[in-house]
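Visitor: Hi, could you walk me through this one? I'd like to start with how the chains meet.

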Protein chains: 4
Amino acid sequence: MLTASQAPLPATVRFAGVVPPVATPLLPDGEIDFAGLERLVDHLVNEGVSGLFALGSTGETAYFTDGQRVDIARTIVGASAGRVPVIAGAIELTSRRVIETAQRLTATGVDAIVTTAPLYTLNSPTEVAAHFRAIAAGIDAPLWAYDVPVRVHSKLSLDLLIELGRDGVIHGVKDSSGDDVGFRRLVAANDAAGRPLQLLTGHEVVVDAIALAGADGVVPGLANVEAAGYVRLWDAATRGDWDTARAEQERLNRLFEIVFQPRGLSGDATGVGAFKAAMKARGIIDHDTMASTVQPIGDEAVARIRAILADLDLLPKAASESQA
Amino acid sequence: MLTASQAPLPATVRFAGVVPPVATPLLPDGEIDFAGLERLVDHLVNEGVSGLFALGSTGETAYFTDGQRVDIARTIVGASAGRVPVIAGAIELTSRRVIETAQRLTATGVDAIVTTAPLYTLNSPTEVAAHFRAIAAGIDAPLWAYDVPVRVHSKLSLDLLIELGRDGVIHGVKDSSGDDVGFRRLVAANDAAGRPLQLLTGHEVVVDAIALAGADGVVPGLANVEAAGYVRLWDAATRGDWDTARAEQERLNRLFEIVFQPRGLSGDATGVGAFKAAMKARGIIDHDTMASTVQPIGDEAVARIRAILADLDLLPKAASESQA
Amino acid sequence: MLTASQAPLPATVRFAGVVPPVATPLLPDGEIDFAGLERLVDHLVNEGVSGLFALGSTGETAYFTDGQRVDIARTIVGASAGRVPVIAGAIELTSRRVIETAQRLTATGVDAIVTTAPLYTLNSPTEVAAHFRAIAAGIDAPLWAYDVPVRVHSKLSLDLLIELGRDGVIHGVKDSSGDDVGFRRLVAANDAAGRPLQLLTGHEVVVDAIALAGADGVVPGLANVEAAGYVRLWDAATRGDWDTARAEQERLNRLFEIVFQPRGLSGDATGVGAFKAAMKARGIIDHDTMASTVQPIGDEAVARIRAILADLDLLPKAASESQA
Amino acid sequence: MLTASQAPLPATVRFAGVVPPVATPLLPDGEIDFAGLERLVDHLVNEGVSGLFALGSTGETAYFTDGQRVDIARTIVGASAGRVPVIAGAIELTSRRVIETAQRLTATGVDAIVTTAPLYTLNSPTEVAAHFRAIAAGIDAPLWAYDVPVRVHSKLSLDLLIELGRDGVIHGVKDSSGDDVGFRRLVAANDAAGRPLQLLTGHEVVVDAIALAGADGVVPGLANVEAAGYVRLWDAATRGDWDTARAEQERLNRLFEIVFQPRGLSGDATGVGAFKAAMKARGIIDHDTMASTVQPIGDEAVARIRAILADLDLLPKAASESQA
């Protein structure tokens with residue numbers, strides 16, 4: 001376990017470009033593979049990512065205890081060693097609980113906190129706004145909003161986000177709402193408000209299009225498998241070379257088909273399971289163990305995932321040969 | 001703060017009849033009113049309830065920190081003083097987190113733990129079953145399942161519940177699914193399986209009908225306002241006096257209209273807010289403060305609630321007069 | 001094809017008690033089995049039902065053309081021959097279209113029309129109220145509202161229904177919303193308004209409980225398979241003999257398990273498919289053909305359905321013997 | 001009323017580029033303004049659109065009777081006079097009913113038919129596929145699939161669409177699912193299958209991005225207000241001038257804000273209501289009457305819509321002056 005020796009980056013740190021949600025490697029017994037996590041972070045930074053998203057859905061954060069979450073954040077901060085900023089998810093039911101979790105995480109040196117609307121409760125937009133305001137007032141780090149209706153079962157409205165941005169409550173949004181129309185309106189409203197918000201998309205298969213639409217960056221789960229492609233894609237988009245961006249996106253989308261290879265399993269088993277299987281096949285991590293109680297994806301799905309990797313020439317030489 | 005001196009009731013304790021979800025009185029500054037909570041518990045037990053449901057949705061459990069939850073459980077256990085069994089909600093994202101919470105709660109002396117399917121995650125029924133199995137294996141108290149799709153956004157299937165009951169993983173179900181057809185089938189399947197499960201409904205306005213359908217008890221939020229009526233209703237149903245049960249239910253349903261008096265507010269503000277306002281009007285608690293960040297229901301709603309109480313002759317004499 | 005020689009019953013005809021939604025027997029080629037339909041109607045009336053619901057979901061009305069719907073209604077009206085009143089579904093997208101359909105149906109002699117909120121459109125409650133008002137003004141028969149959110153994807157609110165009842169726009173409600181709490185409040189609000197509405201439930205497995213709660217009748221799809229049981233159940237409930245009502249309900253619920261025997265099929269294939277298979281097994285209809293493009297339930301499901309019928313002694317003697 | 005004198009275009013007609021869903025102008029009494037409709041069609045064709053989508057949601061098709069639908073289709077076909085192809089919506093509950101409607105529409109000379117999955121029914125994907133197959137077999141025009149989950153309440157899966165395309169059942173898809181990730185996968189799968197499908201998006205605010213992602217065209221309701229902008233946008237995208245495309249899209253999105261000016265009304269009132277108000281303000285139609293029973297948007301919303309038009313210099317000179 002590393003110690004976070006470096007001081008936190010200033011509160012004005014901004015997250016943009018490619019900011020992968022870091023997967024959490026696990027040992028075969030289900031415990032956290034800290035050495036593997038350090039290696040993964042080092043790998044991602046070396047590939048050129050511009051920030052790290054710790055303890056997101058891809059990081060299986062919901063499955064970990066408070067103590068494990070702290071250990072994961074500390075490890076990621078330590079391994080990134082100030083080379084890129086780290087934003088950490090504090091996924092909890094309500095504001096008081098988010099604050100307690102966020103305080104533990106900021107103590108590890110993460111540069112920003114991201115959280116969702118309340119879970120389990122039945123709140124109005126006014127109460128959701130108060131939730132974010134209470135959290136921002138209770139923590140010592142910039143706060144971001146995470147909009148992921150498929151998990152939270154409510155959508156953060158454009159008006160709410162702009163209001164919170166304009167008032168300095170939140171500094172950015174990670175949008176995983178799958179609503180490109182809403183995202184486009186958010187970009188326009190944010191521009192009209194003087195751009196108080198950084199806007200990241202969580203949808204890794206439309207990064208070229210979302211960049212054209214005005215996103216500031218992307219949080220691609222698939223970058224755990226292939227970060228360099230996203231860095232090239234984002235660079236091309238940044239310089240207005242849309243044909244190159246699109247070509248890179250299309251290549252990555254062929255890779256993204258790995259998440260459709262597990263059959264009849266849950267969303268969590270399928271998505272993170274495919275990522276971990278591909279990461280293991282590529283030698284990025286040693287084990288593809290899933291957090292308890294998520295089911296393994298099975299050998300047949302792993303074989304189909306390896307075939308996709310082979311087609312895209314993404315297997316290490318030795319593995320690729322053993323595949324043939 | 002009381003200390004739970006009494007030993008926990010044996011694991012075979014069963015919850016049946018009227019088991020109210022205990023509201024959590026708060027002081028005007030938002031902190032827990034422990035003296036008020038003790039008084040409420042004593043009041044409920046004196047009214048004749050047969051068990052207490054601590055840290056449920058009506059208890060605003062989602063809004064409290066780990067430490068507050070323990071304090072609430074300890075207070076309820078202490079005040080009930082072994083006169084009725086206490087089941088406590090461990091509402092958390094996933095199994096490891098539920099286990100940690102449940103262990104803290106069982107240490108206060110609660111007799112059973114109740115929890116939901118995972119929150120935030122995307123799990124299959126197989127994974128949800130594994131979730132309950134992991135929790136049961138990790139705690140030292142009987143486990144109940146809480147089915148509340150409006151908050152959890154998934155329904156516990158009949159097959160899942162019966163399987164878990166038959167295997168001794170869960171001892172009962174609190175059903176707040178609003179699916180009377182499903183509940184009826186669950187009763188029949190439970191009978192066919194030898195009745196491994198106790199079946200409680202959370203829907204306080206159809207207790208007579210659900211009792212006819214075979215429920216073992218009810219968890220009525222409204223009992224915080226008027227427990228004696230539910231005790232009379234259940235007694236009538238138990239002895240097969242359905243006309244009396246129905247008449248009592250219809251009286252209670254006129255009272256239940258208090259929850260429709262707040263307008264334009266959230267579900268949490270409306271339901272618990274109405275209960276707390278009515279409890280205060282009846283002198284059962286001193287303050288109707290809601291947990292942060294839930295909005296207050298406002299003076300007009302309170303006035304309409306008092307009018308309903310007055311109509312039903314449920315205001316204390318002095319208050320009733322000041323109403324006129 | 002019969003001609004509806006008898007005059008329509010007066011507009012004050014009320015539907016109460018057991019009012020089955022009449023299934024539509026089809027020939028093996030998918031065309032309507034008019035002789036079979038006449039026989040089914042005669043059978044239901046002889047079993048003691050108090051009304052007939054033509055062209056409902058169980059009648060597969062959505063799958064038939066305008067001309068077929070008229071033919072079905074005319075056949076049911078003719079075969080019932082004034083012995084019981086007939087209410088017919090006019091299931092269409094919007095008010096103008098409902099009116100055209102309803103006019104064609106009332107010309108066949110049906111006594112009342114029932115319809116839903118608009119389909120496909122995105123309407124406000126105000127617009128839904130206007131929809132029912134426009135229809136009532138455009139037809140020459142009493143109008144009923146059909147609340148079936150699983151198909152219409154919106155719920156008719158209590159306030160809307162009471163308003164429409166009080167204004168004489170609708171005469172009753174067929175509730176298939178699966179919301180027993182809402183139904184209970186509707187009963188109470190209807191009582192408070194002077195009972196302008198007749199209230200029927202579509203949920204055949206909780207008729208005893210819903211009768212206790214104050215329903216005026218039931219529209220049980222399962223009565224196509226076993227009408228006499230529902231008549232006995234309703235009679236017991238009417239005279240306050242709740243133990244007998246419950247016992248009959250529990251017997252019928254064992255029969256209702258037939259709808260869970262088809263596996264992996266659609267809701268329409270499963271429900272109506274099971275009813276038709278059981279009706280055929282009992283000799284009530286000759287063919288269990290489903291409307292195009294609904295899939296057949298398959299021989300294995302049919303075998304399981306026959307086993308349930310045999311257990312309940314509901315197979316004809318010959319068939320029962322061939323079963324053994 | 002025009003007569004469709006021109007022969008239908010061949011079945012191989014393809015719809016691509018800008019294909020607006022034609023609004024249906026109504027007279028103040030709610031009857032169809034056929035002269036206004038002819039004028040609108042002529043206007044759209046003159047602005048350079050490459051096809052017309054008759055009887056879509058923007059055309060309020062759900063609110064019209066069979067006879068009105070035929071009259072609308074005949075008018076659009078007549079006014080377009082073979083200059084651009086016409087595809088017409090046959091929005092009905094199930095396949096037999098779609099076929100009857102489609103046959104009436106193809107008799108007016110429309111070049112293709114578009115329909116959705118069944119409405120009201122509870123069907124499996126297998127049954128939905130059979131639905132499209134039955135329709136294609138029953139009509140004499142190319143069939144398109146319309147994917148609009150917000151109205152149909154089910155999504156057409158990628159596998160289903162590709163299967164139907166590969167088998168020649170459907171010739172294209174109008175995607176209004178709001179799922180950009182799914183659309184991107186559909187583009188890729190369609191490419192891999194040899195491009196059997198034309199793919200149009202219904203989301204008018206992300207046309208640049210969706211064009212980059214590989215769409216063949218767009219069905220923009222907003223083009224009823226400003227068609228020329230969409231033609232310029234599509235031309236820029238076609239020649240790979242993404243900066244120009246984006247700039248035009250951003251201008252159109254400022255215009256699209258008109259649909260957020262009506263407050264507290266239904267989706268149908270808001271969207272089409274705003275379009276009609278803006279069309280009237282621009283002099284494209286004479287009346288902004290909505291189909292019964294949709295509510296008018298009110299004078300305040302109209303004033304806000306005129307202000308947006310004025311800001312964008314989209315009011316006619318005289319109107320613009322009276323605005324000032």
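Visitor: How much area do chain A and chain D bury between them?

Guide: About 2000 Å², with 55% of it on carbon and sulfur atoms; buried area here is the accessible area (1.4 Å probe) that two parts lose on being put together, summed over both. This is a predicted model, where local features need pLDDT of at least 70 and side-chain atom pairs count only at pLDDT 80 or more, while totals for chains, interfaces and linings use all residues. Residues are numbered from 1 along each chain as its sequence is written, chains are lettered from A and ligands numbered from 1 in the order in which they are written, and side-chain values use heavy atoms, leaving out hydrogens and water.

Visitor: Which residues of chain A lose the most area to chain D?

Guide: Arg184(A), Arg185(A) and Leu212(A), together 33% of what that side buries.

Visitor: And how many salt bridges are there between chain A and chain D?

Guide: Four, counting a side-chain nitrogen of Lys or Arg within 4 Å of a carboxyl oxygen of Asp or Glu. Glu257(A) forms one with Arg185(D), and the closest N and O atoms there are 3.0 Å apart.

Visitor: Which helix gives the largest share of that side of chain A?

Guide: H10(A), with six residues. Helices (H or I, at least four residues) and strands (E, at least two) are DSSP runs, numbered from the N terminus.

Visitor: What does Arg96(A) form a salt bridge with?

Guide: Its partner is Glu31(B), with the closest N and O atoms 3.6 Å apart. The count between chain A and chain B is six salt bridges.

Visitor: Changing topic: what order do the strands of the sheet in chain A take?

Guide: Eight strands form an open sheet in the order E1-E8-E7-E6-E5-E4-E3-E2, with parallel pairing; two strands pair if DSSP finds at least two bridges between them. The edges are E1 (17-18) and E2 (52-54) of chain A, each pairing on one side only.

Visitor: Over how many bridges do E3 and E4 of chain A pair?

Guide: Three, between residues 86-89 and residues 112-115. Ile87(A) has Ala112(A) as its bridge partner in E4(A).
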